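Dear colleague,

Please find the structure below, handed over for your own work.

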Amino acid sequence: KLSILDENTSLLRAGESCRLLREAGVDVFQKRYIVFFPKFLKMFRFAEPMAGWIPMGAQYLCVGKLKR
C-alpha cells in the first residue's frame, strides 16, 4: 500500500529531474544512482559508491547550485 505522501504523484527519471533543475536556473554538477541492493543483500552495499554511474539504482540524486 502506498503512503499518503505518494498519492497523486509520479516518478521522475534522473535525466528529467536534472533537466527540471537546469530549467529552474540550477547548475547541476552531479548525478548519481544510489541504493542498488535491498536489505537482504546489504553485504554488497560496499560496492554501491563505485556503481553510481550505472542507471539501475533504486534511487538517484541530482546535485546542483543555484546560478547567481
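Helices (H or I, at least four residues) and strands (E, at least two) are taken here as DSSP runs, numbered from the N terminus. The model is predicted, and local features need pLDDT of at least 70, side-chain atom pairs count only at pLDDT 80 or more, and totals for chains, interfaces and linings use all residues. Residues are numbered from 1 along each chain as its sequence is written, and side-chain values use heavy atoms, with hydrogens and water left out.

Helix α1 spans residues 14-23, and its buried residues (under 20% relative accessible area, with exposed over 50% and partly exposed in between; 1.4 Å probe, protein chains only) are Ala14, Ser17 and Cys18. These residues lie on the same side of α1 because they cover an arc of only 95 degrees around the axis, the arc being that of the directions from the helix axis to the C-beta atoms. The buried residues of α1 pack against β1 (26-34) and β2 (59-66), where contact means heavy atoms within 4.5 Å. After α1 comes Gly25, which has a positive phi, near 95 degrees.

Salt bridges were searched for across the whole structure, and 3 were found. The criterion is a side-chain nitrogen of Lys or Arg within 4 Å of a carboxyl oxygen of Asp or Glu. Arg19 takes part in a salt bridge with Glu16 (3.9 Å, N to O) and in another with Glu23 (2.7 Å, N to O). Arg19 counts as partly exposed, at 36% relative accessibility, as does Glu16 at 34%; Glu23, at 56%, counts as exposed.

A further salt bridge joins Lys67 and Asp27, with the closest N and O atoms 3.7 Å apart. This pair links distant parts of the chain, 40 residues apart: Lys67 is in the segment after β2 and Asp27 in strand β1. Lys67 is partly exposed at 47% relative accessibility, and Asp27 is partly exposed at 40%.

On the surface, Met43, Phe44, Phe46 and Met50 form a nonpolar patch with about 490 Å² of accessible area together. Patches consist of residues with over 30% relative accessible area and no salt bridge, like charges being joined within 9 Å and nonpolar side chains (Val, Leu, Ile, Met, Phe, Trp, Tyr) within 5 Å; areas come from the Shrake-Rupley method with a 1.4 Å probe, and for residues only the protein chains shown count as cover. Met43 is in the loop between β1 and β2 and counts as exposed, at 53% relative accessibility.

Yours sincerely
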